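Thanks, everyone; I will take a few minutes to walk through one chain, and I would ask you to keep the structure open on your screens while I talk.

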Amino acid sequence: MKTISITWKNSQKALRASSTFLKVSTFVGLNLAGMGINAVHAAPHTHGEGKLQILQAGSEWQFVLQLPAADVLGFEYAPFTASEKKRYEETQKVFQRFDDIFTLSNTCELLDTTLESPWEIADEHDEHDEHDEHDEHESEHEGHAHRNTHSDFRVAYLLSCQGPVKRIEMTGFPHWPSLQHVNAIWVTNKGQGALEITPSQPTLLISS
């Protein structure tokens, strides 16, 4: 597992908000238990299906998106070839651009982005070592290619918004053509809810 953290606004405000969301997340399961949403998000990893959690704490919002590697990359094993590694790097760049994935109804400031990727990728300067161990890697690659590892990408965005976020559109579906739907849940200052969003119906309307 590889984690990349990108802080666009390195401030005490961002740090306080992160701490708040850690506390809020602790109670999300309890808040949603009565709605049967826990069962949805505890469901087994399924190709073509993503998960989105949206939390509000005052003017701060956190979006947590989890997608299967098979839908994000087109494969579900550690990248081996040059083209697979390139695809992997490009995918990480897409996740780091919030505006490429979501469109909001009002102005928000992105405070922090944290991306959890499923694999570490060898540095290019290790090419000589890779050559010496070519047979071993080739065998390992074949094993990964035929083993269902159920790997996911998970990215968390922390935002500060000027007003209530009432409309959220997931515009990132074109990046992942095999992604059929995303199970979204939200907890705001005024309520909670759940909705399945799809490429044809990618919009969430939230009462906050």
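In this predicted model, the largest nonpolar core has 38 residues, and the ones with the most contacts inside this core are Phe63, Leu65 and Phe95. Strand β6, which covers residues 152-161, gives the most to this core, namely 5 residues.

Let me stay with Phe63 for a moment. Leaving aside residues up to four places away in sequence, Phe63 touches a set of residues including Leu52, Ile54, Phe98, Phe102 and Leu104, and among the others that Phe63 touches are Val155, Tyr157, Leu159 and Ile168.

Now to one of the sheets. Which order do the strands of the open sheet of 3 strands have? The order is β4-β7-β10, and the pairing is antiparallel. β4 (102-104) and β10 (203-205) stand at the edges with a single partner strand each, so one side of each has no neighbour in the sheet. Direction ignored, neighbouring strands here are turned by 20° against each other on average. Strand β7, residues 167-170, pairs with β10 in the antiparallel sense over 3 bridges, and Ile168 stands opposite Leu204 in β10.

Finally, the chain as a whole. The secondary structure comes to 6 helices and 10 strands, and 42% of the 208 residues count as buried. If we take the contacts with a separation of 6 or more, residues 24 or more positions apart account for 76% of them. The accessible surface comes to about 11,100 Å², and 50% of that surface belongs to carbon and sulfur atoms.

Conventions: Residues are numbered from 1 along each chain as its sequence is written. This is a predicted model: local features need pLDDT of at least 70, side-chain atom pairs count only at pLDDT 80 or more; totals for chains, interfaces and linings use all residues. Side-chain values use heavy atoms; hydrogens and water are left out. Helices (H or I, at least four residues) and strands (E, at least two) are DSSP runs, numbered from the N terminus. Buried means under 20% relative accessible area, exposed over 50%, partly exposed in between (1.4 Å probe, protein chains only). Contact means heavy atoms within 4.5 Å. Accessible areas come from the Shrake-Rupley method with a 1.4 Å probe; for residues, only the protein chains shown count as cover. Two strands pair if DSSP finds at least two bridges between them. Axes are lines fitted to C-alpha atoms, for helices over the stretch in contact, and angles run from 0 to 180 degrees between N-to-C directions. A nonpolar core is a set of buried Ala, Val, Leu, Ile, Met, Phe, Trp, Tyr and Cys residues joined through side-chain atoms within 4.5 Å.
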